[in-house]
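User: I have a protein model open and would like to learn how to read its features. Could you walk me through it?

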Amino acid sequence: MSETVELPLGGVDITMETVLARENMRAAWAAVKANAGAAGVDGKGIAESEEHLSTHWPTVREKLLRGDYQPAAVRAVDIAKPGGGTRRLGIPTVQDRLIQQALHRVLSAAFDQEMSAHSWGFRPGRSAHDAVTAARGYVAEGKEWVVDIDLASFFDQVNHDRLMHLLGERIGDQRILTLIGRYLRAPMDAGDGRHRRRRRGTPQGGPLSPLLANLYLDALDRELARRGLSFVRYADDIAVFVASERAAERVLGRLTRWLHKHLDVNATKSGAHRTEETALLGFRIHPGGQVSPAPKAIERLKDRVRALWDARQSLTTPQLRDQWQSYINGWWNYYRYANWRREVHALSGWIRRHMRKCFWLRWHNRHGRRKALARLGVRGRALGVAGCRRGASPMACHVVIHQALKTATLNRCGLTLPWTLAG
């Protein structure tokens, strides 16, 4: 077994034995199960991996203790970015997610207390809302200009040598350092049978990446603090708040020059703006202390509404309802932080029209529409609307359809808008 030099931080011994302790592994497995997620290159999901580990974990554990465990390749998955383009994720196997989660728990407990108070992302007890609250405090002080720094493809450009040096200053157990190095270099499997080795970057998708990113950017936090700047950082989202346009331009120039020594800055997405003209983590901060969802957040909501209420989906009505509730409740749980909700409330009627349009199309033809309207309480001559040949969009606004699928009916069916409900 490797000789261990223990460098405890925050009362935590950073050793492989600590990582593999029974209670730590149980907590790590609970987190992996709760997060669920896709299978890695081995094709094993949570259930299959649990069965595999119940038999093979002692062998895996022994390899980890000896320092000769070899992680599997990560599965490449491209997802759409909100602003266009794609982001490549690297999905480890469930077994490797378990080991990374166990490492994360120990390293996070050791490193967190020495990280900057201005760093809010992927840290225990901190959230995006906390970052926006801190930013609101700066704006309330009169710092109504913000310098947005966009790091170009940050997770793809992390320098492995520099990151391993930073870890080596904090971790004395060579087995842990070797294992993290192997995770960083684990090849990417794009599904074409070839494995592409990685020499830079810590791709998103594994439990360790956010913690390693925070450690890598800690030097930036310290530099911003040394300069006496008011800032918030959430992973690679960086916003510096100042009192004037002139100060903002000056800070932007100086920080860009400093960062170019270490990281690539996306000049087209970085800039100086008034706080109400830009966004932080999906929110727009106004000088009076009000916070609203950013325009792009509203546009993304509208795009999802169009997709979720597309009548061409092969889903039952309960499935449509459950799909809608899953999305809109998650969206609202995040954006209800805003205290200026005018744009959200203004969408209520528009969203319900998309619901009505969807049902009109799903009723297919005159006979199906007549039967559906009758079930909804439409009587007499009003049922003649079933034969109307106008398009679905104008029909969604028709007084009969509006009455048949009125707000109370939609709510009773679970097709609710959470911001319209009491409380």
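Analyst: Gladly! Let's start with naming: helices (H or I, at least four residues) and strands (E, at least two) are DSSP runs, numbered from the N terminus. Thr 15, for instance, sits in the segment before α1 (16-19). Please keep in mind that this is a predicted model, where local features need pLDDT of at least 70 and side-chain atom pairs count only at pLDDT 80 or more, while totals for chains, interfaces and linings use all residues. Residues are numbered from 1 along each chain as its sequence is written, and side-chain values use heavy atoms, with hydrogens and water left out.

User: How many helices and strands does the protein have, and what box do the C-alpha atoms fill?

Analyst: The protein has 19 helices and 10 strands. Along the principal axes, the C-alpha atoms fill a box of roughly 90 × 65 × 40 Å.

User: How do I read burial, and is Thr 15 buried or exposed?

Analyst: Buried means under 20% relative accessible area, exposed means over 50%, and partly exposed is in between (1.4 Å probe, protein chains only). Thr 15 has a relative accessible area of 4%, so Thr 15 is buried. Of the 423 residues in the protein, 48% are buried.

User: What does the side chain of Thr 15 make a polar contact with?

Analyst: A polar contact is a pair of N or O atoms within 3.5 Å; within protein, one must be able to donate a hydrogen and the other to accept it, and residues adjacent in sequence count only if both atoms are side-chain atoms. Here the partner is the side chain of Thr 18, at 2.8 Å.

User: Now for charges. How many salt bridges are there?

Analyst: The general idea is that side chains of opposite charge can pair when their charged atoms come close. A salt bridge is a side-chain nitrogen of Lys or Arg within 4 Å of a carboxyl oxygen of Asp or Glu. That rule gives a count of 20 salt bridges. One network of salt bridges links Glu 17, Asp 173 and Arg 175.

User: Where do Arg 26 and Glu 23 lie?

Analyst: Both are in helix α2 (residues 22-35), 3 residues apart, which is about one turn of the helix.

User: Which residue forms a salt bridge with Asp 221?

Analyst: Asp 221 pairs with Arg 233, the closest N and O atoms being 2.8 Å apart. Asp 221 belongs to helix α10 (residues 218-226) and Arg 233 to strand β6 (residues 230-234), so the pair ties together parts that are 12 residues apart in sequence. Both Asp 221 and Arg 233 are buried.

User: Where is Asp 310, and which residue does Asp 310 form a salt bridge with?

Analyst: Asp 310 is found in the loop between α12 (295-308) and α13 (317-335). Its salt-bridge partner is Arg 312, with the closest N and O atoms 2.7 Å apart. Asp 310 counts as partly exposed because its relative accessibility is 23%, whereas Arg 312, at 73%, is exposed.

User: Which residues form the positive surface patch?

Analyst: That patch is formed by Lys 81, Arg 87, Lys 269, Lys 296 and Arg 300. Patches are made of residues with over 30% relative accessible area and no salt bridge: like charges are joined within 9 Å, and nonpolar side chains (Val, Leu, Ile, Met, Phe, Trp, Tyr) within 5 Å. Lys and Arg count as positive and Asp and Glu as negative, while His and the chain ends are not counted. Lys 81 lies in the loop between β1 (74-80) and β2 (86-91).

Methods. Accessible areas come from the Shrake-Rupley method with a 1.4 Å probe; for residues, only the protein chains shown count as cover. The place of a charge is taken as NZ of Lys, CZ of Arg, CG of Asp or CD of Glu.
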